[in-house]
Amino acid sequence: MDIEKYMANVKKYVPNPSEDAVESLANHLRLALANRDSAIVAATDPEELESIKRGYCSVNLDLTSEEADAAIAKVCKIMQGDKSKCRVTFYYLLAQESDTMNRVAG
């Protein structure tokens, strides 16, 4: 797995990202990252965003529905100019924007 590729993508949005967090996310998402379609977040697909909310936001970040909605909206706005939203970066920004990075890189 090419952690440097994911670090470079996260650095587009975060000047000094946590390498531990990026590596942890890449490992957690390893199956999704193996497929080009699932490695990218379709931020315009309400079903995908709902799946991220119910899965990653609720289970991994322990966010309420309202907190997850707010974090997802922020990340979509931050990444709006990026047509291919890397899943690792999207999830990293979710943790950052919801102040739950400690749950990603303990």
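Tutor: A salt bridge is a side-chain nitrogen of Lys or Arg within 4 Å of a carboxyl oxygen of Asp or Glu. Keep in mind that this is a predicted model.

Student: OK, how many salt bridges does the structure hold?

Tutor: Four. One of them joins K12 and D82, whose closest N and O atoms are 3.8 Å apart.

Student: Where do K12 and D82 lie?

Tutor: K12 is in the loop between α1 and α2, and D82 is in the loop between α6 and β2, so the pair ties together parts 70 residues apart in sequence.

Student: Is K12 buried or exposed? And D82?

Tutor: K12 is exposed, at 55% relative accessible area. D82 is buried, at 12%.

Student: What about E48 and R87?

Tutor: Their side chains meet in a salt bridge at 2.3 Å, N to O. E48 belongs to helix α5 and R87 to helix α7, so this pair links parts 39 residues apart in sequence. Both E48 and R87 are buried.

Student: New topic. How many residues are in the largest nonpolar core?

Tutor: It has 35 residues, and V22, I52 and F90 are among those with the most contacts inside it. Helix α7 gives the most to this core, seven residues.

Student: What does I52 touch, leaving aside its neighbours within four places in sequence?

Tutor: I52 is in contact with V41, C57, I72, R87, F90, Y91 and L94. R87 is also the partner of E48 in the salt bridge.

Student: Last one: which residues line the largest pocket?

Tutor: K5, Y6, N9, L33, R36, A39, I40, S84 and C86. The pocket holds about 190 Å³ of space, and α1 supplies the largest share of the lining, three residues.

Key. Residues numbered from 1 in each chain as written. Predicted model: local features only at pLDDT ≥ 70, side-chain atom pairs only at ≥ 80, totals over all residues. Heavy atoms only, no water. 1 Å grid on protein atoms, 1.4 Å probe; cavity = no way out; pocket = protein on both sides within 12 Å on 5 of 7 lines; lining within 4 Å. Points joined across faces, edges and corners; volume = space filled by probe spheres on them. Helix = DSSP H or I, 4+ residues; strand = E, 2+ residues; numbered from the N terminus. Core = buried A, V, L, I, M, F, W, Y, C linked by side-chain atoms within 4.5 Å. Buried < 20%, exposed > 50% of the residue type's maximum accessible area, 1.4 Å probe, protein only. Contact = heavy atoms within 4.5 Å.
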